[in-house]
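Subject: The structure for you to look at

Hi there,

Here is the structure I promised to pass on. Have a look at it first, and then read on for what I found in it.

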Number of protein chains: 2
Amino acid sequence: MISKNQIKQIQTLHLKKNRDAERLFLAEGIKTVTELLLHRTEMIKALFATPAFIDENAGLIAKNNIEATSISEIELKKISVQTTPNSALAICSFFKEQELAYNFDLKYSFYLDDIRDPGNFGTIIRLADWYGISTIFCSNSTCDLYNPKVIQATMGAFLRVKIIYLPLPDVIKNYKIKTVYGAVLNGKNIYKEKLNNGLIVIGNEANGINEENLKLITQSLTIPSHQASGTESLNAAMATAIITSEFFRQTRM
Amino acid sequence: MISKNQIKQIQTLHLKKNRDAERLFLAEGIKTVTELLLHRTEMIKALFATPAFIDENAGLIAKNNIEATSISEIELKKISVQTTPNSALAICSFFKEQELAYNFDLKYSFYLDDIRDPGNFGTIIRLADWYGISTIFCSNSTCDLYNPKVIQATMGAFLRVKIIYLPLPDVIKNYKIKTVYGAVLNGKNIYKEKLNNGLIVIGNEANGINEENLKLITQSLTIPSHQASGTESLNAAMATAIITSEFFRQTRM
């Protein structure tokens with residue numbers, strides 16, 4: 001049984017300012033919570049889950065001495081940000097500062113310039129993990145990593161991909177990056193360009209890459225559309241998937 | 001000013017059974033409503049929009065004799081399914097039966113086997129339009145095209161891409177399809193296979209392609225992951241983007 005106070009505490013963590021103040025965030029869903037239990041138990045401060053989930057994971061919960069509260073699906077609905085809540089929700093501590101330190105091994109990576117949609121951001125993190133990209137850089141205006149919808153959309157990949165918030169000029173300077181690719185609407189055909197290691201800048205869903213950052217792009221890339229297409233652009237996460245796939249194909253296949 | 005009855009009518013259209021009974025659906029957002037005004041005005045049965053939107057489109061509204069109601073953003077929030085409602089919402093009539101008729105020109109196309117997330121479905125329709133795919137086939141269990149979140153995510157592309165709900169065996173038979181590609185986890189490396197015209201089956205977000213449909217696949221394809229990846233799968237829409245990109249590159253570039 002979950003208490004009213006606990007419900008309140010969890011709900012406050014839906015907001016960034018409260019997450020930052022307490023250095024706590026919410027992780028939801030069987031897949032994500034299971035990964036936490038297996039690989040990062042020390043991050044779990046409290047677990048709220050259906051009796052079935054707690055039963056299935058009784059060994060891990062006991063071994064790691066986790067405070068687990070059995071709750072009903074109706075209670076879960078009250079604390080979840082999802083429309084169809086899953087079986088488990090964990091309150092977790094932020095990564096430690098040194099975990100976010102710069103162990104950057106540059107092959108190619110993204111710079112997300114003001115990606116606002118949590119679903120887009122989370123699914124890009126999942127994509128990065130798939131293709132072995134260890135670090136993603138973001139503008140400070142990009143969505144908060146610890147937004148529960150971002151965490152959910154990564155399907156556990158946030159445990160493996162580092163997210164570093166840093167202005168683009170600092171990223172270029174700190175990591176001595178030579179090639180800065182930009183995904184734009186009037187660049188060179190991505191399928192015909194010879195792609196190499198570098199940083200790939202992905203712009204905002206509605207407005208693309210901001211003007212200051214555009215000046216830092218050394219190579220503009222475009223995903224060509226079919227000539228009969230009436231669509232003006234692709235969804236930012238979809239474009240990122242296509243670009244990453246093409247980098248992977250050209251450099252790793 | 002919108003009336004209470006109008007609000008009620010609009011809210012009923014959030015549900016599929018009511019949309020099907022009335023053959024009406026909701027289209028939201030500046031981009032989508034503008035495209036409707038420009039290209040398919042006859043589909044608009046009523047328009048609710050901010051004074052600014054109505055002003056900007058006064059010419060089109062008058063010319064096409066559209067019943068436009070000026071409403072505030074607060075009122076818009078009441079009738080919208082979006083978390084951040086846009087400036088315009090239109091009640092529209094369904095496509096006519098003959099518009100969905102089979103003018104299928106097979107190069108390559110998708111079969112969506114039980115795609116459930118409206119955002120995934122809508123963004124796949126937008127992708128199809130980008131790459132010049134004129135028709136998408138869907139299992140009957142796939143999300144409803146007229147779901148307001150699907151319409152929104154297509155960014156107007158639903159006006160150009162035909163969506164046909166039909167069981168996979170019927171699609172294969174009716175269109176004499178020889179090559180049925182399936183996106184699976186243990187197929188051939190998509191970057192190394194020679195891809196040709198055919199139908200590409202994309203499975204459900206959690207469970208993949210259903211067993212009966214798997215038997216109809218003639219060529220299994222996989223997007224290879226980096227060897228160090230801990231992620232088990234890609235989001236269904238992201239996988240569809242990568243696969244389509246590779247088909248486009250190999251057959252049209």
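Before the helix angles make sense, one convention: axes are lines fitted to C-alpha atoms, for helices over the stretch in contact, and angles run from 0 to 180 degrees between N-to-C directions. Please also keep in mind that this is a predicted model.

**The chain as a whole**

Chain A contains 11 helices and 10 strands. Along the principal axes, the C-alpha trace of chain A spans about 60 × 40 × 35 Å. Of its 253 residues, 44% count as buried. If you look at contacts in chain A between residues at least 6 apart in sequence, 75% of them join residues at least 24 apart.

**The four-stranded sheet**

There is also an open sheet of four strands, in the order β1-β4-β2-β3 (chain A), and here the pairing is mixed. Its edge strands are β1 (24-28) and β3 (68-70) of chain A, each pairing on one side only. Neighbouring strands of this sheet are turned by 15° against each other on average, direction ignored. Helix α3 (residues 30-39) of chain A packs on this sheet, where it touches β1, β2 (44-49) and β4 of chain A, at about 45° to the direction of β4(A).

β1(A) runs antiparallel to β4 (residues 88-93) of chain A, and five bridges join them. Here A:E28 stands opposite A:L89 in β4(A). For the other pairings, switch to chain B: β2 (residues 44-49) and β4 (residues 88-93) of chain B are antiparallel, with five bridges, and B:A46 has B:I91 as its bridge partner in β4(B). β2(B) and β3 (residues 68-70) of chain B run parallel, joined by three bridges, and B:L47 stands opposite B:A68 in β3(B).

**How the two chains meet**

A rotation of 180° with 0.0 Å of shift along its axis superposes chain A on chain B, with an RMSD of 0.0 Å. The two copies are thus related as by a two-fold rotation axis. Both copies use the same surface, since 100% of the contact residues of chain A recur in chain B.

How many residues does each chain bring to the contact? Chain A gives 29 residues and chain B gives 29 residues. On the side of chain A that touches chain B, α7 (118-130) and α11 (236-252) of chain A each supply at least two residues. The largest share, seven residues, comes from α11(A). By class, that side of chain A has 13 nonpolar, 10 polar and six charged residues.

Enjoy exploring!

Best wishes

Conventions: Residues are numbered from 1 along each chain as its sequence is written. Chains are lettered from A and ligands numbered from 1 in the order in which they are written. This is a predicted model: local features need pLDDT of at least 70, side-chain atom pairs count only at pLDDT 80 or more; totals for chains, interfaces and linings use all residues. Two residues are in contact if their C-beta atoms, placed from the backbone, lie within 7 Å. Ala, Val, Leu, Ile, Met, Phe, Trp, Tyr, Cys and Pro count as nonpolar, Asp, Glu, Lys and Arg as charged, and the others, Gly among them, as polar. A residue is buried if 20 or more other C-beta atoms lie within 10 Å of its own, exposed if 12 or fewer, and partly exposed in between; C-beta atoms are placed from the backbone. Copies are superposed by least squares on the C-alpha atoms of residues with pLDDT of at least 70 in both. Two strands pair if DSSP finds at least two bridges between them.
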